[in-house]
Amino acid sequence: MQAAPDGSFVEQPNEAVREFFGPQFGPMDHFARMLVEEGELRGLIGPRELPRLWSRHIVNSAAVLGFIPEGVQVLDVGSGAGFPGLVVAIARPDLDVHLVEPMVRRCEWLADVAGEIGLENVTIHNARAEELHNVGETDIVTSRAVANLKQLTRWTMPLVLPGGKMLALKGRRAAEEVKAARPLLKKFNVGRVHVHEVSSLMEEESTRVVEMQKKR
């Protein structure tokens, strides 16, 4: 097992994870090692999260990959340490990935990772999602641990192209959040909404992906 700077141990990915990422496992492992070495020092991830870095963060973030078509543009809102935005960018070189993060120091981290790994499909925006309203629209918007679905709908749906989707990684209360957000969905021209349960490659508990598609 890899050791963190404080001497604690970090879980290692199993064979299923290695097979899932295939040729992109090397760059993904590089990202994980950067987080182990610098994540806590740079205020990106807490020490209690390191023992579950792969299962709780990287594999969890990868749950959105199956809902993203080939060759589209993805905008990740509130990218933070890179979940799910950097995971998506590393796993899918075919995508044009834009990372939106309001904190300068986190943008610097995202740029450091992209530069060190050599990601050519990443653009970083030091901004809040709402500051990009009326600037342009994109095929797919992703988010993880940013806000409840009602607030997320207000922030993200103006950024989604007609026919495009918002993919939100959520916890056990995903269905309740969808129900609470229903009154807003018509206002933002949302059509189909589905809560997917994606089996984890490392944990017993599934990951929930809320898929909200904008009407054409």
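1. Two strands are taken to pair if DSSP finds at least two bridges between them. On that basis this predicted model contains an open sheet of seven strands in the order β5-β4-β3-β6-β7-β9-β8, with mixed pairing. The edge strands are β5 (122–125) and β8 (190–198), each of which pairs on one side only. Averaged over the sheet and with direction ignored, neighbouring strands are turned by 20 degrees against each other.

2. Within this sheet, β3 and β4 (residues 96–100) pair in the parallel sense over five bridges, and Leu75 stands opposite His98 in β4. Helix α3 (residues 53–61) packs on the sheet, where it touches β6, β7 and β9, and its direction makes about 170 degrees with that of β6. Helix α7 also packs on the sheet, touching β7, β8 and β9, with a direction that makes about 175 degrees with that of β8.

3. Helix α6 (residues 149–156) deserves a separate look. Its buried residues are Leu149, Leu152, Thr153 and Thr156; seen down the axis of α6, they fall within an arc of 105 degrees, so they line one face of the helix. These buried residues pack against β3 (73–77), β6 (138–144), β7 (160–170) and β9 (207–214), and also against α7 (174–187). At the start of α6, a side-chain oxygen of Asn148 reaches to within 3.1 Å of the backbone nitrogen of Lys150.

4. The side chain of Glu211 is joined to that of Lys165 by a polar contact of 3.0 Å. When neighbours within four places in sequence are left aside, the residues in contact with Glu211 are Phe67, Lys165, Met166, Leu167, Arg192, Val193, His194 and His196.

5. For the chain as a whole, the secondary structure comes to seven helices and nine strands. The radius of gyration is 17 Å, close to the 17 Å that the globule rule gives for 216 residues, so the chain is as compact as a globular protein of that length. Taken along the principal axes, the C-alpha atoms fill a box of roughly 50 × 35 × 30 Å.

6. Two further values describe the chain. Buried residues account for 51% of its 216 residues. Of the contacts between residues at least 6 apart in sequence, 68% join residues at least 24 apart.

Terms used. Residues are numbered from 1 along each chain as its sequence is written. This is a predicted model: local features need pLDDT of at least 70, side-chain atom pairs count only at pLDDT 80 or more; totals for chains, interfaces and linings use all residues. Side-chain values use heavy atoms; hydrogens and water are left out. Buried means under 20% relative accessible area, exposed over 50%, partly exposed in between (1.4 Å probe, protein chains only). Helices (H or I, at least four residues) and strands (E, at least two) are DSSP runs, numbered from the N terminus. The arc is that of the directions from the helix axis to the C-beta atoms. Contact means heavy atoms within 4.5 Å. A polar contact is a pair of N or O atoms within 3.5 Å; within protein, one must be able to donate a hydrogen and the other to accept it, and residues adjacent in sequence count only if both atoms are side-chain atoms. Axes are lines fitted to C-alpha atoms, for helices over the stretch in contact, and angles run from 0 to 180 degrees between N-to-C directions. The radius of gyration is taken over C-alpha atoms; the globule rule is 2.2 Å times the number of residues to the power 0.38.
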